[in-house]
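Dear colleague,

Please find below the structure that I am handing over to you, together with its sequence.

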Amino acid sequence: MAYGDTSYSADFFEYISAFSALIRIMANEPASMGAAAPPGPEAAKGEPPKLAGAPSLWELDVARIVREHQSGVWRYLRVLGCPAAEAEDLTQETFLAVLTKPFQDYNRQATAAYLRQVARNLFISGRRRSVPIAELDEAEAAWSRWAGKDDGQELLAALRSCLQTLTERARQALDLRFAQQASRADIAAAIGLSEDGAKNVLQRAKQHLRECVERTLTSERRGT
Amino acid sequence: MNDRLLDAFLEEACGGAQPPDLTDKVLAALASPGEGARRSTAPVSPIPVLACPAGAGPVLANAARQKAQATRGTFGGWLPVAMAASLLLAVAGYWMLSHSKTKESVIAERAGERPPVKQPAPHIDTPLLPDSAQVVADERSSSDERPSPIAEKVVSSDAGVGRQGNSPAEKLPEGNVPDEEMLTPREQPTTVAENRISPPIGEFDSSTAGDAVAATSLPSALSTSATTDAQVTAYINAVLKSHWSDAGVRPSPAATESEWCRRVYLDCIGRIPTVEELEVFLIDNRRDKRRKLVERLLDDDLYLETYARFWTTLWTNILIGRTGGMEPDSPVYREGLQQFLRRSFLTNKPYNQFVYELVSAKGTNRPVEVASAEAPYNGAVNFLLQHMQERATPATAKTAQVFLGLQVQCTQCHNHPFNHWKQSRFWELNAFFRQAREEQVTTDGQPKVVRLLDGDFAGEGASSGAGDRFAEAEVYFERNGILQVAYPTFVDGTAIDPNGMVSVVDRRLELARLVSRSDELKQAIVNRMWGHFFGYGFTKPVDDLGPHNPPSHPELLARLADEFAGHGYDLKRLIRWITLSDAYALSSKFGPKLGNAADDPTLGNAPLFSHFYVRQMSAEQLYESLLVATGAHRTLADYEEQQRLKDRWLEQFAIAFGTDENDEATTFDGTITQTLVMMNGELTRQATNGESGSFLSQVAMKSERTGKPERAAALNELYLAALARRPSRAEVQVANDLLVAQSGNTTTALEDIWWALLNSNEFILNH
């Protein structure tokens, strides 16, 4: 993000939303405004969660919120380092944590940022805070840059498109590696190479994809 | 774009893991908040923990070996040293090859290509109702014995799983009760009358004070569960199998009989089997020989003393550490506590009674004349005497940690960082200990005689109060710079009368009652015992239960805890359930080829118990095993003398940090000290000494009497004594070379072989 950048206002808003959500979670105090609110006294008593000026849970379109954000939260957790099953569990935990408390769906960006923040906290807490923060920051920076705007939809489309530019053998290797979780030995056997050869194919394919996707996304954002 | 981002999206783009549709699940959970809350007990994430590598055994050092050679006389020389070293390397190599992962797997792991294992979903019972389950139900109804719900579920799930395909799990050893036996009508559910293994509360004739109170205040410790041992074991098997299936791992093949025998001796009575014991087990052809061996180790008079000594040592370390009572001015009389513990284990005292007596103990720490009728000798007081300093805060933390599996020590100063426990909770628990008084009895010099009694407690602000100053005896603590007040309230929120007069409320008795009846008590001990036998508990560490640290198998922990309580808090019964389970009988080999490379808790994954986790013997186990392997246990003196020698040997490994929480560490695990002690220590020197009358000399005599067959028998005996297996062909070859190098001097050759075996990884590991 840079001054003068057209994406400044959206990024800034996202950042402020996430940061304020974090502060409220840490302080465990009800929010008087903002995209989402942590638990208030009503929630503690088991009453329908409702905040002054905010719709109750049942007035929210919960199904829409879940449908709209679940892929983003799940992908975000995967990028943080969760295996798929754990990411699924944590995604569900995230929605439950957020939706069982007073909550205001202010706008899509703010809700997405808040959900990610809660997911991140649950992830760190689940690992007993032993996650290297530097790695998390790096993953988060990568997410913000390449997938933050639309929960990775654009990135996924670009990736699928770039996959078509690979050779058949490289695609097969990637498919074995990422879809079927095959070992390198199995990949090597399937594509008729040595294990080192298979490793090279995978690395080159990923490097090609990385460049292709970065090029595609950058040009799209520039409107070229 | 970093790799993690690319990999995650590539997996999705290639058709791997896809974002789930959780809409219905979330809506359903929101519609029933209770369900949502319970979901949180699911194993959300494997907790990455750093575990010590199990195979941290000693390494041969030529210099050290040369020293040993120098003491041996004229037969010393470089050749025997080389031979001994090569033998040791052969043993280590054989063991490593057979137990470690393959080269390919290591390479694959380094390349990060190990397929991620799906974490086991929260497992609910798998009621695969087979025909046999109905048979059991019919049999039970015909005998007017209604099985508990768990019994029915156990039967059905196990029978169903047992009929599945040709998985390695089906090749499990027979020691685990087969379905047929489990279902046979001969096996009747445990009844109250049968289960009176230990003296019922109130009849136990202990010299300890407080027993009379225990008899009137404790819940019944007699069995109330109709579930049989076989059914509980079958339930364990079924749940673990289900988790293996969920996680996509296969169990390792079964361990060999000698491996199983060695580990059950080590885990139940703290030492390896003798050659005779091992051979008796191996030649036994009965189908239920494993069950019989476990029962013999637990109940036979021959082993009762050893069993009690082993568990006494373990619990002494748990309660007061390896250094408690070792200082000359300590108020703790270590032997007194050990006497109490030994008596408890000899009589298989119900665990809740055992805890009750420790928490509520009153009396004098030593058996001396000054012990009066008001404060008779009671070895159990030595537990709390170790932790009574600093307003009894260590006693508070230790009681919660050891008996309830709750690590609340940090909440002494602040709220718990990872869960909802508040600072006030610690001080509310602490208030239970504030009537306790530690009184030093005036005697002439050492040893120190101390009484632990209870006196009226007027609260910390009593001096300024008016009226009945005992009515609300409070405890103060500081929170964010503000003084706050706490009254005795148990961890489950149960508050007692805050009156500080002992005649009105005896707070420690109340605490003992609450602890002994709590759910936390049974879960904590089951988790601890599981951890003892499997190397990993359902949580790590075993004494840190709570919402921040979900167990790996929550349903199994809960059921075992209920069954344990239902069977009268019988520790021996719990041991039988665990040791006769399929998982305990699995080999320690694992890796990609066996389909369970991912089940490696040393990498931070939650344990799946799909193979036996290799671990180093404790110092205590090693000491006892060295005695057994060398036959020295036959010539030792009485119990006190044995214990004294053992404590002296163990002392060298213990370090006390002197912190508020009486922390200490052992320098035993894989350290230079341990290696040097094993290579050059007095015990090893005695063990490898071929002097007349020694174990080695007897083996050598057999060998020298005749020719090669006898030599082979001697070599076999050494391997069986140390490793519970016979030597491989390569090892026999090295031994023969060694014998040739020693110019036919069998005794010296055997000394070298024996030394190498005792210093091998395979000897020092429980595998």
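The model is predicted, and the remarks below should be read with that in mind. I begin with the fold of chain B. Of the contacts in chain B with a separation of 6 or more, 72% are between residues 24 or more positions apart. The chain has 767 residues, of which 50% are buried, and it contains 33 helices and 9 strands.

Strands of chain B

S2(B) is joined to strand S3 (residues 449–454) of chain B by 6 bridges, and the two run antiparallel. Within this pairing, Arg437(B) is opposite Leu453(B) of S3(B).

Another antiparallel pair consists of strand S4 (residues 475–479) and strand S5 (residues 482–486) of chain B, with 5 bridges. Val475(B) has Ala486(B) in S5(B) as its bridge partner. S4(B) and S5(B) form a hairpin with 2 residues between the strands, and Asn480(B) adopts a positive phi near 50° there. Glu478(B) belongs to strand S4 of chain B. This residue is classed as exposed because 11 other C-beta atoms lie within 10 Å, and the limit for that class is 12 or fewer. The C-alpha atom of Glu478(B) is 9.4 Å from that of Ser424(B), although the two residues are 54 residues apart along the chain.

Helix packing in chain B

Helix H11 (residues 229–247) and helix H23 (residues 554–566) of chain B have axes that come within 10 Å and cross at roughly 175°. The two helices, H11(B) and H23(B), are therefore roughly antiparallel to each other, since angles over 145 degrees are classed in that way. H11(B) contributes Val232(B), Tyr235(B), Ile236(B) and Val239(B) to the contact, while H23(B) contributes Glu555(B), Leu556(B), Arg559(B) and Glu563(B). By class, the contact of H11(B) with H23(B) comprises 5 nonpolar and 3 charged residues, with no polar ones.

Helix H14 (residues 289–299) of chain B has as its buried residues Lys289(B), Arg290(B), Arg291(B), Leu293(B), Leu297(B) and Leu298(B).

Chain A and its interface with chain B

Where the chains meet, 55 residues of chain A are in contact with 41 residues of chain B. On the side of chain A that touches chain B, several helices supply at least two residues each, including helix H3 (62–80), helix H4 (84–99) and helix H10 (195–222) of chain A. H4(A) provides the largest share of that side, with 12 residues. By class, the side of chain A that touches chain B has 26 nonpolar, 12 polar and 17 charged residues.

Finally, Ile65(A) is located in helix H3 of chain A. Ile65(A) counts as buried because it has 20 C-beta neighbours inside 10 Å, and 20 or more are required for that class. Ile65(A) and Arg108(A) are 43 residues apart along the chain, and their C-alpha atoms are separated by 8.9 Å.

Yours sincerely

Note on methods. Residues are numbered from 1 along each chain as its sequence is written. Chains are lettered from A and ligands numbered from 1 in the order in which they are written. This is a predicted model: local features need pLDDT of at least 70, side-chain atom pairs count only at pLDDT 80 or more; totals for chains, interfaces and linings use all residues. Two strands pair if DSSP finds at least two bridges between them. Helices (H or I, at least four residues) and strands (E, at least two) are DSSP runs, numbered from the N terminus. Two residues are in contact if their C-beta atoms, placed from the backbone, lie within 7 Å. Ala, Val, Leu, Ile, Met, Phe, Trp, Tyr, Cys and Pro count as nonpolar, Asp, Glu, Lys and Arg as charged, and the others, Gly among them, as polar. Axes are lines fitted to C-alpha atoms, for helices over the stretch in contact, and angles run from 0 to 180 degrees between N-to-C directions. Angles under 35 degrees count as roughly parallel, over 145 as roughly antiparallel, 65 to 115 as roughly perpendicular and the rest as oblique.
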